[in-house]
Amino acid sequence: MKHSEQQLFKAVDEILFYLWDPLDCKEIPAARDEYRSYVPKVLDYLISDSNEEKIAKHLAGLEINSMGRSDASQNSIEIARILIEAKDWCFE
């Protein structure tokens, strides 16, 4: 993995845990890797230049299909924007 990809991996991991956090576990140190398994797919979306809507839809799908929530949190589009900004920063 290139340095910029490593930076992006770390940024995505932190954004998912501290900002997205649909299970509200950011205050639990033992749960720090709770969303890490989702990072590679989010990276794929980012590296393939997916738009905000596609990334937000993926995040919402994770909440409903993987986490068993009845509805998705309202911040998916905002998180998608932040993820794209992180990608742009890591690859500038």
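Biologist: At roughly what angle do the axes of helix H3 (residues 52–66) and H4 cross?
Modeller: Helices here are DSSP runs of H or I with at least four residues, numbered from the N terminus, and their axes are lines fitted to C-alpha atoms over the stretch in contact, with angles running from 0 to 180 degrees between N-to-C directions. The axes of H3 and H4 come within 8 Å of each other, and they cross at roughly 125°.

Biologist: What pLDDT do side-chain atom pairs need in order to count?
Modeller: Residues are numbered from 1 along each chain as its sequence is written, and side-chain values use heavy atoms, with hydrogens and water left out. Since this is a predicted model, local features need pLDDT of at least 70, totals for chains, interfaces and linings use all residues, and side-chain atom pairs count only at pLDDT 80 or more.

Biologist: Into how many nonpolar, polar and charged residues does the contact of H3 with H4 divide?
Modeller: Contact means heavy atoms within 4.5 Å, and by that criterion Glu 52, Glu 53, Ile 55, Ala 56, Leu 59, Ala 60 and Glu 63 in H3 meet Ser 76, Ile 77, Ile 79, Ala 80, Arg 81, Leu 83 and Ile 84 in H4. Ala, Val, Leu, Ile, Met, Phe, Trp, Tyr, Cys and Pro count as nonpolar, Asp, Glu, Lys and Arg as charged, and the others, Gly among them, as polar. The residues of this contact therefore divide into nine nonpolar, one polar and four charged.

Biologist: Are H2 and H4 roughly perpendicular or roughly parallel to each other?
Modeller: Helix H2 (residues 39–47) packs against helix H4 (residues 76–90) at an angle of about 70°, with the axes 10 Å apart. Angles under 35 degrees count as roughly parallel, over 145 as roughly antiparallel, 65 to 115 as roughly perpendicular and the rest as oblique. H2 and H4 are therefore roughly perpendicular.

Biologist: Which residues of H4 make the contact with H2?
Modeller: The residues of this contact divide into five nonpolar, no polar and one charged. On the H2 side they are Val 42, Leu 46 and Ile 47, while H4 contributes Leu 83, Ile 84 and Lys 87.

Biologist: Is Ser 76 buried or exposed?
Modeller: Ser 76 is found in helix H4, where its C-alpha atom is separated by 6.6 Å from that of Ala 60, 16 residues apart along the chain. Leaving aside neighbours within four places in sequence, Ser 76 is in contact with Ala 56, Leu 59, Ala 60 and Glu 63. Buried means under 20% relative accessible area, exposed over 50% and partly exposed in between, with a 1.4 Å probe and protein chains only. At 7% relative accessibility, Ser 76 therefore counts as buried.

Biologist: Which residues does His 58 touch, not counting residues up to four places away in sequence?
Modeller: His 58 has its place in helix H3, and a relative accessible area of 16% makes His 58 buried. Beyond those sequence neighbours, His 58 touches Lys 41, Val 42 and Tyr 45.

Biologist: What positive phi does Asp 49 have?
Modeller: Most residues other than glycine have a negative phi. Asp 49 is found in the loop between H2 and H3, and at 55% relative accessibility Asp 49 counts as exposed. Although Asp 49 is not a glycine, its phi is positive, at about 60°.

Key: Helix = DSSP H or I, 4+ residues; strand = E, 2+ residues; numbered from the N terminus.
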